[in-house]
Amino acid sequence: AAKYMNESYERYSDFHGSHDVLDSLYLYDLGQAAEAAGDISLAKSSYQRSLRRRPDFSDCCIRLSGLLTKNGETALALVYARRLADKNPQDPRAQLLLATMLEKAGFVEEGKAARENFFLLMKGGTVSKSQNQGQAGESGSEAIQDGEPKLEQKQSVPVEKEETDTESGVLKNSP
């Protein structure tokens, strides 16, 4: 089925172009068929292409994160989970996915915060931008540029603050 869907998609996109509204759904369906057939590479590619066309597609991002996790690509799955929570902060599924992925990646405290956001949303509350920001590392929109994830992790390096003597203008901590 995945083979025929892929051929069908190619014909469809040749005729309609790749910016049609249904394009993202078609790629998502292709990803599901490929995943069911065991073609992980085609499934991953299809989900990623779908998300390039519709970055806020929650169902697709959830499927892709699950697939990546099963495939041992937890760090990449976390990138997509962060992006989904950034794009859809009021979606409880996005917060639950983020919580799960953060915890799997070892960011326990940040995972607890995302899980609290999930419970808050399930009780009818809303998540403020400050509650959703500041969770481990980069937000999803920074972590994926031009539709492709970047896996670099920024590390904060302590920098000594330079002080100057007010009278002489000389740096105090210079050698």
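**Entry 1: confidence**

Over residues 150-175, under what value does pLDDT stay, and how many contacts beyond four places in sequence does the model have there? I looked this up before anything else and found that pLDDT (the predictor's confidence in each residue, from 0 to 100) stays under 50 over that stretch, for which the model has 23 contacts beyond four places in sequence, a contact being heavy atoms within 4.5 Å. Residues 134-147 also stay under 50 in pLDDT, and the model has 38 such contacts for them. For the protein, I noted a mean pLDDT of 77, with 62% of its residues at 70 or more.

I keep in mind that this is a predicted model, in which local features need pLDDT of at least 70 and side-chain atom pairs count only at pLDDT 80 or more, while totals for chains, interfaces and linings use all residues. Residues are numbered from 1 along each chain as its sequence is written, and side-chain values use heavy atoms, with hydrogens and water left out.

**Entry 2: overall layout**

I counted nine helices and two strands, taken as DSSP runs numbered from the N terminus (helices H or I, at least four residues; strands E, at least two). Along the sequence the pattern reads α-α-α-α-α-α-α-α-α-β-β. Of the 175 residues, 37% are buried, where buried means under 20% relative accessible area, exposed over 50%, and partly exposed in between (1.4 Å probe, protein chains only). The protein exposes about 10500 Å², of which carbon and sulfur atoms supply 51%; accessible areas come from the Shrake-Rupley method with a 1.4 Å probe, and for residues only the protein chains shown count as cover. Among contacts with a separation of 6 or more, 50% come from residues 24 or more positions apart.

**Entry 3: helix H3**

I then turned to H3, which covers residues 40-53, has 14 residues and reaches 20 Å from its first C-alpha to its last. That is close to the 20 Å expected at 1.5 Å a residue, the expected span being 1.5 Å times one less than the number of residues. Its buried residues are Leu42, Ala43, Ser46, Tyr47, Gln48, Arg49, Ser50 and Leu51.

**Entry 4: salt bridges**

The structure holds eight salt bridges, each defined as a side-chain nitrogen of Lys or Arg within 4 Å of a carboxyl oxygen of Asp or Glu. One of them joins the side chains of Lys44 and Glu73 at 2.9 Å, N to O. This pair links distant parts of the chain, 29 residues apart, with Lys44 in helix H3 and Glu73 in the loop between helix H4 (58-70) and helix H5 (74-87). Glu73 counts as partly exposed because its relative accessibility is 22%.

Arg93 and Asp59 meet in a salt bridge at 2.5 Å, N to O, and this pair too links distant parts of the chain, 34 residues apart, from helix H6 (residues 92-104) to helix H4. Arg93 is partly exposed at 40%, and Asp59 is partly exposed at 34%. I also noted that Asp59, Asp91 and Arg93 are linked in a network of salt bridges. Asp56 and Arg54 form a further salt bridge, with their closest N and O atoms 3.8 Å apart.

**Entry 5: Leu84**

Is Leu84 buried or exposed? Leu84, in helix H5, counts as buried because its relative accessibility is 0%. Leaving out residues up to four places away in sequence, Leu84 touches Ser58, Cys61, Ile62, Ala94 and Leu97.
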